[in-house]
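User: Can you walk me through this one? I'd like the sheet, then the holes.
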Amino acid sequence: MAELRNDLAAWRILLAAVRTGSIRETALQADLPAAKVSRIISELERELGFELLDRSTRPMKPTPSCRDLVEGMTPLLAGFDRMWEHFSKKEAMRHVSFAAPIDLCRLYFSALVAKWADAHPGITFDIRPEATADDVRNGLVDVAVINYVPLDATGLVLRRYNSSRTPLLATPEYIRAHGAPSSPEDLAQHTGLLLETVMHPPTQILKKNGAASPILRWKEVFTTHDQMTLRELVLSSLGITVDLYAGHVLPEIRRGRLVPIMPGWRREPWQMSVVTRWEDEARSKALSDFAAYVALEAEATWAPIREETNRVVEEAFRRRLRS
């Protein structure tokens, strides 16, 4: 029969007895008969070869040798408890909260999540419209698709899947009515159509060959929180957009319904990543597998779209130069 001194449960009972000073109270806490608790402590004493508790006092007192044992055993048991909690939760995650920009949720990620859920019964999802890296870090959401590089990535796992640059776009009708700006300073004579989300304030500068523009000034500004609404605003000839991802309007750019303006000038690239907390991934293989799946699928999907978008935009710029 295994020695009792190798049984963690026996040591927990001893620590409880030292803490309570009572066999009866220890038995109540351990949900065991008092006689069994007494036998466990007596057997430990026999195996160790010395007395652990002074039973002549009320409450009982630990002997000096017992105090030395308790001092060494307490952090060991605490460490074991932390390890057990960590690994016992390794597969415990059965509900995942997932967030992505509204347009990407509608067009792509909701179907991707549904595909994963269908292949992994028992895991459910809460799909949210948008979240930041800090929301992930603070445990408000499990997995998030973000479109920027966080200044502080401590405690996070970032899986980059796409980087895309956005040109300024307007309709030919708007340009005929208001003219085409040739520099960032000219935008002060135009209406700006801008995106404002929980992840991003409206764009304030543009870049060309690594050089930054002055802070953008507009005659008027319309702001919206999602790309699809921004798409409708620019197609309605209300102004010029600097924030609309060109991949959302490739057919319109091909047909000339939207035209890129101010060659070379772009907003900062969208830096797309799938973000999780390191400690969540360490605890849940299911979560880690899901995040890796989303990033790999997104990278495979958006790489050809990025290349096609760049080609279509450059062709549109060349058509304008020839016209």
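Analyst: A term to begin with: two strands count as paired if DSSP finds at least two bridges between them. The model is a predicted one. Strand β3 (residues 95-99) and strand β5 (residues 143-146) pair in the parallel sense, over two bridges.

User: Which residue is the bridge partner of Ala99 in β5?
Analyst: Ala144 is the bridge partner of Ala99 there.

User: What is the order of the strands in the sheet?
Analyst: The open sheet has five strands in the order β4-β3-β5-β14-β6, with mixed pairing. β4 (124-128) and β6 (156-164) each have a single partner strand because they stand at the edges, so one side of each lacks a neighbour in the sheet. From one strand to the next, the twist averages 15°.

User: Which helix packs on the sheet?
Analyst: Helix α11 (residues 285-322) does, touching β3, β4, β5, β6 and β14 (270-277). The direction of α11 makes about 10° with that of β6.

User: OK, holes. How many cavities of 30 Å³ or more are there?
Analyst: The count is two. The largest cavity has a volume of about 210 Å³.

User: What lines the largest cavity?
Analyst: It is lined by 19 residues, with Asp103, Leu104, Asn147, Gln227 and Met272 nearest its centre. The lining of the largest cavity divides into nine nonpolar, seven polar and three charged residues. α5 (102-119), β6 and β14 each supply at least two residues of that lining.

User: And what about the largest pocket?
Analyst: The largest pocket has a volume of about 270 Å³. Of the 13 residues lining the largest pocket, His200, Thr203, Ile205, Arg267 and Glu268 lie nearest its centre. Six residues of this lining are nonpolar, five polar and two charged.

Conventions. Residues numbered from 1 in each chain as written. Predicted model: local features only at pLDDT ≥ 70, side-chain atom pairs only at ≥ 80, totals over all residues. Heavy atoms only, no water. Helix = DSSP H or I, 4+ residues; strand = E, 2+ residues; numbered from the N terminus. Axes fitted to C-alpha atoms, helices over the stretch in contact; angles between N-to-C directions. Contact = heavy atoms within 4.5 Å. 1 Å grid on protein atoms, 1.4 Å probe; cavity = no way out; pocket = protein on both sides within 12 Å on 5 of 7 lines; lining within 4 Å. Points joined across faces, edges and corners; volume = space filled by probe spheres on them. Nonpolar A, V, L, I, M, F, W, Y, C, P; charged D, E, K, R; others polar.
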